[in-house]
Amino acid sequence: MNDNGQPLDRRRLLAGAAAASAVTVTGLAVASTTGAAAAAPGRPATPLVTRDRIATAALRAPDGSALPVAVQADFHARLAAWLAFWSANSPSAWSVPVQVVARIEAGGDALVLHGIRHRRDDELRAGFAAGRRDATHLATLASLHHHFPSVRVRPDGTIRVADGPAGFTGAPEQVAFAVAACRELWGDAAATADRWTEHAARVLARAGHRTDAASHAGWAAFTRTSLRRGLGTESYE
């Protein structure tokens, strides 16, 4: 098995798409693009680009429509890398993602994720669905925490992601995810927000890592192993 537990041709396909997206960027349906050129607070104004895909996956609005929208180029590049990562760690029977259901916020640097669809046995299936609070929900949350600093689950199960470099910041959303992952994915019901790093360390040890989960490398390892555990590609038993 390779490092991601998936065939190399799949990884190369998505890696190539992710690399290309740094130049050719894709976007997602949004209710209104009025004021989309305005940058997020504290960020310099940058031109937006209009696209209709993330890597190889077509973008769909929550209502099913497929309309190109404006998005920050660097944000889309991160999204493409994230989707390639999610797919490379998904079961080999799943195709590469064919649709991402979401919307991009007006500034072009935040996404609200509703679903990820792939093909299996010639049928379109949901690898992630916001309203389905199961292991795949936590796994997808792990993949997003692996690539973005601001990841928040909304009451309806959709996940809001904001642009920025990946890494552990100590944000309440990161700690809440770590506790939920330890409890629900790894079966450690005693995990708490106050001592989550101890519980996460046991998870990392099961996966062969001896590092602090609150470090840059440790957070990357914890989110990666939780993604694989949640999608069922590695058990670490």
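The questions and answers below look at a pocket, a glycine and a helix in this predicted model.

Q: Which element gives the largest share of the lining of the largest pocket?
A: The largest pocket has a volume of about 200 Å³ and is lined by 14 residues, with His137, Leu138, Leu141, Val153 and Ala180 lying nearest its centre. The elements that each give two or more residues to this lining are α3 (135–147), β8 (150–153) and α4 (172–185). The largest share, five residues, comes from α4.

Q: How many residues of the lining of the largest pocket are nonpolar?
A: Sorted by class, the lining of the largest pocket holds five charged residues and two polar ones. The nonpolar residues in this lining number seven.

Q: Does Gly107 count as buried or exposed?
A: Gly107 sits in the loop between β5 (99–104) and β6 (110–120), and its C-alpha atom is separated by 7.4 Å from that of Val71, although these two are 36 residues apart along the chain. A residue is called buried when its relative accessible area is under 20%. The relative accessibility of Gly107 is 17%, and therefore Gly107 counts as buried.

Q: Which helices are included in what covers the buried residues of α5?
A: The buried residues of α5 include Trp196 and Leu204. What covers the buried residues of α5 includes α4 and α6 (216–231).

How values were computed. Residues numbered from 1 in each chain as written. Predicted model: local features only at pLDDT ≥ 70, side-chain atom pairs only at ≥ 80, totals over all residues. Heavy atoms only, no water. 1 Å grid on protein atoms, 1.4 Å probe; cavity = no way out; pocket = protein on both sides within 12 Å on 5 of 7 lines; lining within 4 Å. Points joined across faces, edges and corners; volume = space filled by probe spheres on them. Helix = DSSP H or I, 4+ residues; strand = E, 2+ residues; numbered from the N terminus. Nonpolar A, V, L, I, M, F, W, Y, C, P; charged D, E, K, R; others polar. Buried < 20%, exposed > 50% of the residue type's maximum accessible area, 1.4 Å probe, protein only. Contact = heavy atoms within 4.5 Å.
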